[in-house]
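Biologist: Before we discuss any assignment, please take me through this model term by term, setting each value against the definition behind it.

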Amino acid sequence: MAKESSHRARAAGVHRVVVIVDENSNPFELGCATEIFGLRRPEIGRELYDFRLCSPEPSIPMRDGFFTLTAVADLVAADTADTLIVPNRPDVEVPRRPAVLDVIRRAHARGARLIGFCSGAFTLAEAGVLDGRRATAHWQWADAFRARFPAVHLESDVLFVDDGDILTAAGSAAALDLGLHVVRRDHGAEVANSVSRRLVFAAHRDGGQRQFVERPMPDLPDESLAPVMAWALERLDSPLTIADLAARAAVSPSTLHRRFRTQLGTTPLMWITAERLALACRLIERGESRFEVVARRCGLGTATNLRALMRRETGITPSAYKRRFGSETT
């Protein structure tokens, strides 16, 4: 975000996201943070975030010396962050700078939200803010992480973990999943969908999906789940069973289940439920206040079921979601 734009956003009370960049930081995760939190979004019509970079030194060599980042703000900028994204580096065994760890501790003490992408969980753990908390990290570092930080509850087979004020993502691409999850949490499903469309990235992959999918791309074209998923998305308001989806895909229910697990890292039922809940959120954001109607239109049956699922998946009730993201507030 340009400096003038950043000043306008801060003056308007826009949530400030600050990324700490340290020596040997990964460029990809920095790019993810910039794409999600740092770009202006004229298609939405308002600033979503005030985005800043900071560093312990004015000139920082990125991973393996690919390039050097210069003219970055110093660590003082981190003390104004509402959300602080910590450094992630491949050299997980190298201690982080004490100055960086101190900034993270101060941010945590004053209630800022902390985010670690990939190996950023090591930075958070080294700062001592993850003790007794849930977190994730890239699967290849799971054993090393557990050995160094036994007080952290590491969930090594998920895409990301939202533990309230501390959020962590697994591999590099999971940074996009977590970033969109944060946008959805802050601004609602419609805005998150708009951001994902600009990224040309899936709007929603649940954090509980597995990190490692045995076969990300099907070996044969006719094993693609895209046709049956598109068919189901047009019929979310109708009763849909696993047998219905399997029949549409011309496979057995067990084969369909295996393909969902292999290609998406989830089950058909979990996928349908997530899509129905996402549709419910969009309907509420567009102004539908009759929750029985919302539940019926997205196939969740009753308002009671809608309330239970929304509370479980988003942490808030439909009424609270409407107050926060409904059309009258945007």
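Modeller: The secondary structure of the protein comes to 14 helices and 10 strands, where helices (H or I, at least four residues) and strands (E, at least two) are DSSP runs numbered from the N terminus. This is a predicted model, in which local features need pLDDT of at least 70 and side-chain atom pairs count only at pLDDT 80 or more, while totals for chains, interfaces and linings use all residues. Residues are numbered from 1 along each chain as its sequence is written, and side-chain values use heavy atoms, with hydrogens and water left out.

Biologist: Why is cysteine 54 called buried?

Modeller: Buried means under 20% relative accessible area, exposed over 50%, and partly exposed in between, with a 1.4 Å probe and protein chains only. Cysteine 54 has a relative accessibility of 0%, and therefore counts as buried. This cysteine is found in strand E2 (residues 50-54), and of the 330 residues of the protein, 51% count as buried.

Biologist: What does cysteine 54 touch, not counting residues up to four places away in sequence?

Modeller: With contact taken as heavy atoms within 4.5 Å, cysteine 54 touches Val18, Val19, Ile20, Val21, Val72, Ala73, Asp74, Leu75, Ala77 and Ala78. The C-alpha atoms of cysteine 54 and alanine 78 are separated by 6.9 Å, although the two are 24 residues apart along the chain. Among contacts in the protein between residues at least 6 apart in sequence, 64% join residues at least 24 apart.

Biologist: How do you know that the length of helix H3 (residues 98-109) agrees with what it should span?

Modeller: The expected span of a helix is 1.5 Å times one less than its number of residues. For the 12 residues of H3 this should give 16 Å, and the end C-alpha atoms are 16 Å apart, so the two values agree.

Biologist: Which residues of H3 are buried, and what puts them on the same side?

Modeller: The buried residues in H3 are Val100, Leu101, Val103, Ile104 and Ala107. They cover an arc of only 155° around the axis, which puts them on the same side of H3, the arc being that of the directions from the helix axis to the C-beta atoms. An α-helix has 3.6 residues a turn, so residues three or four places apart point the same way. The buried residues of H3 pack against E1, strand E5 (83-85), strand E6 (113-117) and helix H4 (120-126), whereas Pro98 and Ala109, on the other side of H3, are exposed.

Biologist: What are the buried residues of helix H8 (residues 226-233), and what do they pack against?

Modeller: In H8 the buried residues are Val228, Met229, Trp231 and Ala232. They cover an arc of only 160° around the axis, which puts them on the same side of H8. The buried residues of H8 pack against helix H9 (242-249), H10 and helix H11 (268-285).

Biologist: Why does glutamine 263 count as buried?

Modeller: Glutamine 263 has a relative accessible area of 13%, and is therefore buried by the cut-off already given.
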